[in-house]
Structure formats: structure tokens, C-alpha cells
Amino acid sequence: SLPGRADRFWPALSDGEPHISLGERMAATWDGRRRGEPLSGGADPHPGRDVGGLFAMIRSAAKLNARQLTGGFSLNVALTGAALAHEGAAERLIRHCLGAGLPGFRLCGQDTEALLDARDSRERVLTGCSGGLCDWFCELDTALQDEVIRRTVHDVMDAQ
């Protein structure tokens, strides 16, 4: 809330770790998120809720009024290496995000199996989609590791 104003809040859809600690203290939500589970990070749908595909997720996030979000805005877009390997895939995705009017988004490649292996073996696998920071996955807090692993990773560039 604003200093001295208990009735005002700074709305934000930025990424980072606060959505994990806030979720630990928050009751269940109407969308099926259980008590104590992390909130969604940024403008991302809660893991498993973006069932309409990649471009539907982008269009949905673009409908939010970013002018009312004084605390920031980000949408994490996680793709498999195979999806990124297609000729022009990353460029097509970036053009779609910009064309949809997203004020901020983060594109990253993610291999969930490699992250699970890294967590078990403490192998130093770099992750670049955690609050916009790059860090060794095995050195992240366990709650943040779980949040990254739960993200929906899109393996196809579905129709616009």
C-alpha cells in the first residue's frame, strides 16, 4: 500500500520471488490455486491454466491495462528447444508479442527434464527465466525451482 494510505495499493504484474512468499500466506483463489501455493509470476497464467495455447496466452495478457500497473509488467514465455529451433520461430513470437501490445515479456528456452536432473544431481545448469536473472538452477531456492518446473513449456508454435 502507499505510505500513510491503507486503502491504496500498487498493482504490479512483475516477476521475481515475491509471488512465492505472498502465495504461502494467501488463501485459495477462485481459479483453483490452493492455499499456500505460489501466485502466478507476473502476467503469467497459473501453471496449467493456459490451456488455449501460446498465442491465446499472449492475447489474454495483452488485454490487461498496463497503465494501471504502476509496479511493472512481465509475461514469461517458456518454449522447448525444438520450438525455438524452427526457422524464424523466435522472431515470429517476438513480433506477435509486440503486435499484441504487451508492455513486457520474457522469452526463454526450458528443458524441464534437464532441470529435474540438475536438481537431483546438483549439476550446474543455467536458468535464465527467474525474475529476469540468470543463475545456476541447483543454487536457486527449492520453492523457486519448483515454480520454474511447474511452468507450462510450449513445444509448438500454435496458430495465431
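User: How many helices and strands are there in the protein chain?

Analyst: The model is predicted. Its protein chain has six helices and four strands. Along the sequence they follow the pattern α-α-β-α-α-β-α-β-β-α. Of the 160 residues, 36% count as buried.

User: What makes the contact of Arg-95 and Glu-91 a salt bridge?

Analyst: The distance from N to O is 3.0 Å. The cut-off is 4 Å between a side-chain nitrogen of Lys or Arg and a carboxyl oxygen of Asp or Glu. The pair therefore qualifies. Both residues sit in helix H4 (residues 89-100), four residues apart, or about one helical turn. In an α-helix, residues three or four places apart point the same way, because there are 3.6 residues a turn.

User: Why is Arg-95 called exposed, and why is Glu-91 called partly exposed?

Analyst: Exposed means over 50% relative accessible area, and buried means under 20%. Arg-95 has 58%, so the label is exposed. Glu-91 has 45%, which falls in between, so the label is partly exposed.

User: How do you know that Asp-146 and Arg-119 form a salt bridge?

Analyst: Their side chains meet at 2.3 Å, N to O. That is within 4 Å, so the label holds. The pair links distant parts of the chain: Asp-146 is in helix H6 and Arg-119 in helix H5, 27 residues apart. Asp-146 has a relative accessible area of 27%, and Arg-119 has 26%. Both values lie between 20% and 50%, so both residues are partly exposed.

User: Which other salt bridge is there?

Analyst: Glu-147 and Arg-151 meet at 3.1 Å, N to O. Both residues are buried. The structure holds three salt bridges.

User: Why does Arg-33 have no salt bridge?

Analyst: The nearest side chain of opposite charge, Glu-37, is 5.3 Å away.

Notes. Residues numbered from 1 in each chain as written. Predicted model: local features only at pLDDT ≥ 70, side-chain atom pairs only at ≥ 80, totals over all residues. Heavy atoms only, no water. Buried < 20%, exposed > 50% of the residue type's maximum accessible area, 1.4 Å probe, protein only. Lys, Arg positive; Asp, Glu negative; His and termini not counted. Helix = DSSP H or I, 4+ residues; strand = E, 2+ residues; numbered from the N terminus.
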